[in-house]
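Please look through the sequence and the model below before reading on.

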Amino acid sequence: MKPWYTRRLTPILNVAVERRLSPDVFTAAGVVAAGAAGAAVALGWWPLAALFLALRLAGANLDGAVARARGVSRPWGFVLNEIGDRTSDLLTFAGLAVWAARQRGPGLHFLSWPVLLVLVAALAATLPTFASLAAAAAGAQRRNGGPLGKTERCLFVLLATAFPVILPVVCTQLVNGSLITATLRLRAARRELAAKQRGEVSAS
């Protein structure tokens, strides 16, 4: 879903480039929107959650797009982008954990099965990024593909907020999708690194 959503942001990208806005502005805006989304999710206000999740994704997509369009990409920007994305994920899943804790009657029940499911899903959601970063550290391309990226994660969180009864199903699919995505990225990275190694051996 990311390419489709990114194309919808083209008018904003053009304005940002024209006004020479810093990519870091969009990174920060994405994190702030994720915090607001997490609060909305925790309260079960799914229409507001949908709005802020859309803004979170806009910030996450535009920071890199603006940097490339303006020709100001830099290594530190990559670091800020990754930290911003991971912080945004944590804020969103924290909100979902609070929402799950509210599903067992009055008060907050953090020692409950729904909360455990959310925590497992949040942990699994980090695997695709760790796989991509580990592969990039080894010299492979930084990959973002796969069936479950941050756009799909936001959609699943929104569904669990709007329909709490399906929260266990959503969390299960988050785990399955994250594992599949991480596996696909690692497999592609392994092929790329093996091809590079064969090329180096042939050259020598």
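Helices here are DSSP runs of H or I with at least four residues, strands are runs of E with at least two, and both are numbered from the N terminus. The model is a predicted one, in which local features need pLDDT of at least 70 and side-chain atom pairs count only at pLDDT 80 or more, while totals for chains, interfaces and linings use all residues. Residues are numbered from 1 along each chain as its sequence is written, and side-chain values use heavy atoms, with hydrogens and water left out.

The predictor's confidence in each residue, pLDDT, runs from 0 to 100. The protein chain averages 93, and 99% of its residues score at least 70. Among its elements, helix H1 (residues 2-8) has the lowest mean pLDDT, 79, whereas H3 has the highest, 97.

**Packing**

A residue is called buried under 20% relative accessible area, exposed over 50% and partly exposed in between, using a 1.4 Å probe on protein chains only. A nonpolar core is a set of buried Ala, Val, Leu, Ile, Met, Phe, Trp, Tyr and Cys residues that are joined through side-chain atoms within 4.5 Å. In the largest such core there are 37 residues, and those with the most contacts inside it are Leu62, Phe93, Leu96, Val118 and Leu167. At least two residues of this core come from each of several helices, including H2 (10-18), H3 (23-43), H4 (46-70) and H5 (75-101), and the largest share, seven residues, is supplied by H4. In soluble globular proteins, nonpolar side chains tend to be buried together.

Contact means heavy atoms within 4.5 Å. Leaving aside neighbours within four places in sequence, Leu62 is in contact with Leu9, Ile12, Leu13 and Phe26.

Helix H8 has 13 residues and reaches 18 Å from its first C-alpha to its last, close to the 18 Å expected, a span defined as 1.5 Å times one less than the number of residues. Its buried residues pack against H1, H3, H4, H5, H6 and H9. Leu158 lies in H8 and counts as buried because its relative accessibility is 18%. Not counting residues up to four places away in sequence, Leu158 touches Trp46, Ala49, Ala50 and Leu53.

On a 1 Å grid over the protein atoms alone, a cavity is a set of points where a 1.4 Å probe fits but cannot get out, whereas a pocket is an open set with protein on both sides within 12 Å along at least five of seven lines; lining residues have an atom within 4 Å of a point. Grid points are joined across faces, edges and corners, and a volume is the space filled by probe spheres set on the points. A search of the whole structure finds two cavities of 30 Å³ or more.

| Space | Volume |
|---|---|
| Largest pocket | about 730 Å³ |
| Largest cavity | about 40 Å³ |

Of the 35 residues lining the largest pocket, the closest to its centre are Lys2, Ala60, Asn81, Asn144 and Lys150. H4 gives the largest share of this pocket's lining, seven residues. The lining of the largest cavity includes Thr27, Arg56, Asp63 and Ser88, and H3, H4 and H5 each supply at least two of its lining residues.

**A loop residue**

Arg20 lies in the loop between H2 and H3, and is exposed because its relative accessible area is 61%. Although Arg20 is not a glycine, its phi is positive, at about 55 degrees.
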